[in-house]
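Visitor: I'd like to learn how to read a fold like this one, feature by feature. Can we go through it together?

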Amino acid sequence: MKCKFCTAKIIDKTFDLGSTAISNALIEKENLNSVEEILPLILYTCPKCFLVQIETQVSSHKIFNDKYVYFSSLSTFWLEHAKKYCKEIVNYLNLDSKSFVIEIASNDGYLLKNFVEDGINCLGIEPSQSTADVALSNGVPTLVEFFNLDLAIKLKEQGKFGDLIVLNNVLAHVPEINDFVAALKVVLKEEGTITVEFPHLLQLINNNLFDTIYHEHYFYFSLICLKKIFKSHGLSIYNVDQLDTHGGSLRIYATHEGNNLDTTSDKNSVIKITKLETNQGVNKLSFYSQLSINAYSIKLNALNYLINKKILKKSIVAFGAAAKGNTFLNYCGIKKDMIDFVVDETPYKIGKYLPQSQIPIVPFEMLQNVKPDIIVILPWNHKEEILAKLKFTKSWNAEIVTFIPELKLY
């Protein structure tokens with residue numbers, strides 16, 4: 001195992017989650033008796049640059065294909081988050097009708113539609129045909145391609161450079177990190193800005209957010225490590241926002257190293273977060289060892305809760321057929337004999353089954369029909385939005401529970 005950024009040799013495992021199915025590989029009913037692809041899911045930490053990563057087991061082309069089932073527009077939270085970001089960034093960078101915005105992994109156009117409405121030229125680059133089709137139907141210019149250095153060179157030849165390049169929760173999904181960051185530099189205007197949102201590794205470790213680990217996420221970033229990666233490609237991080245998304249995220253602002261934007265920025269926010277990470281031990285391998293210990297504790301608490309409820313003959317279901325939920329279920333060994341079904345509001349998921357656990361995915365209306373005793377929220381990062389939707393279940397005293405970052409009843 002060699003680090004995918006600095007190529008240093010990695011010997012020790014940080015956290016072995018066992019062998020699991022691909023988290024978004026939902027099963028069609030007719031394939032329930034077929035053999036699933038089960039792969040090792042092991043987290044490593046580079047002893048030199050402290051990039052946290054998994055060994056690549058699945059190609060991005062296999063994950064982000066025509067059957068990709070995650071549509072950002074189905075979440076009210078993400079729609080509001082995107083709208084707020086677009087309004088703020090337009091003012092922050094003084095974007096107007098002469099500006100050009102590029103979003104990498106633009107999904108169904110949930111974010112870029114805000115720029116379209118404001119009359120700002122934009123282009124989405126999205127590898128999944130299923131989500132790109134929705135964006136195109138809504139008038140969001142979208143290129144159905146994987147973003148890499150080859151594509152960046154083609155865009156450069158076409159004279160397409162971004163005043164703003166947006167990456168929201170995509171950098172972790174890129175197997176070739178050096179190629180990808182080099183490509184960003186190619187299509188960034190001289191005084192342009194790249195914004196990148198990503199779950200903060202510091203929060204992942206401190207808050208036991210191990211369900212963020214799955215085959216689709218090749219990398220897990222600290223600011224310290226990301227600064228090294230960007231600097232190696234001539235890019236400088238000049239500002240950082242702390243966000244509440246995904247249990248604690250960062251939004252970094254980067255530009256060409258040595259340009260006016262870089263040299264005139266005070267970088268106080270960058271210094272602050274860097275110091276915080278250093279003080280907590282991000283640059284020490286021992287810092288990462290607590291993750292597996294805490295995850296195992298969560299596993300025991302979850303199984304103890306669920307088994308005791310089953311002994312009492314309580315009916316248990318789940319909300320949200322999310323990828324992070326599959327990591328949690330499969331690490332804990334929870335299957336369809338423990339959870340009867342999972343409700344979801346994504347039409348493309350209904351009628352399918354969760355990978356490995358084979359828990360059926362059913363429409364939201366099933367909650368009212370069945371009136372389960374226990375509802376487990378799997379996408380805990382959207383719990384406030386979900387709890388509001390589940391208020392009606394209190395009419396039969398349903399108990400709602402989350403297990404991450406700790407067991408909590410609602």
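Visitor: Which residue in β9 is the bridge partner of valine 52?
Guide: Strands of a sheet pair through backbone hydrogen bonds, either parallel or antiparallel. Here valine 52 has tyrosine 220 as its bridge partner in β9. Strand β3 (residues 52-54) and β9 are joined by 2 bridges and run antiparallel. Two strands count as paired if DSSP finds at least two bridges between them; strands are DSSP runs of E with at least two residues, helices runs of H or I with at least four, numbered from the N terminus. One caveat: this is a predicted model, where local features need pLDDT of at least 70, side-chain atom pairs count only at pLDDT 80 or more, and totals for chains, interfaces and linings use all residues. Residues are numbered from 1 along each chain as its sequence is written, and side-chain values use heavy atoms, with hydrogens and water left out.

Visitor: What is the strand order in the open sheet of 4 strands?
Guide: The order is β1-β2-β3-β9, with antiparallel pairing. β1 (13-21) and β9 (219-220) are the edge strands with a single partner strand each, so one side of each has no neighbour in the sheet.

Visitor: And β10: how many of its 9 residues are buried?
Guide: In strand β10 (residues 235-243) the count is 7 of the 9, so the strand is largely enclosed by the rest of the structure. Buried means under 20% relative accessible area, exposed over 50%, and partly exposed in between (1.4 Å probe, protein chains only). β10 runs antiparallel to strand β11 (residues 249-256), with 8 bridges joining them. Valine 240 faces isoleucine 252 across that pairing. The two strands make a hairpin with 5 residues between them, and histidine 246 in the turn has a positive phi of about 55°.

Visitor: Which residues have the most contacts inside the largest nonpolar core?
Guide: In soluble globular proteins, nonpolar side chains tend to be buried together. A nonpolar core is a set of buried Ala, Val, Leu, Ile, Met, Phe, Trp, Tyr and Cys residues joined through side-chain atoms within 4.5 Å. The largest one here has 50 residues, and Phe147, Leu167, Ile229, Phe230 and Ile252 have the most contacts inside it. Setting aside neighbours within four places in sequence, phenylalanine 230 has contacts (heavy atoms within 4.5 Å) that include Leu235, Ile237, Ile252 and Ala254. There is also a second, separate core of 47 residues, with Leu201, Leu204, Phe287 and Ile359 among them.

Visitor: How many aromatic pairs does a search of the whole structure find?
Guide: A pair of aromatic rings is described by the distance of the centres and the angle of the planes. Rings of Phe, Tyr and Trp (its six-membered ring) pair if their centres lie within 6.5 Å; planes under 30 degrees apart are stacked, over 60 edge-to-face, and the rest tilted. The search finds 15 pairs. In one of them, phenylalanine 77 and tryptophan 78 have ring centres 5.2 Å apart and planes at 80°, so they are edge-to-face. Phenylalanine 77 is partly exposed at 31% relative accessibility, while tryptophan 78 is buried at 5%. Tyrosine 305 and phenylalanine 403 are edge-to-face too, at 5.7 Å centre to centre and 70° between the planes. That pair links distant parts of the chain, 98 residues apart: tyrosine 305 is in helix α11 (residues 290-311), phenylalanine 403 in the loop between β16 (399-402) and β17 (408-409). Both of these residues, tyrosine 305 and phenylalanine 403, are buried.
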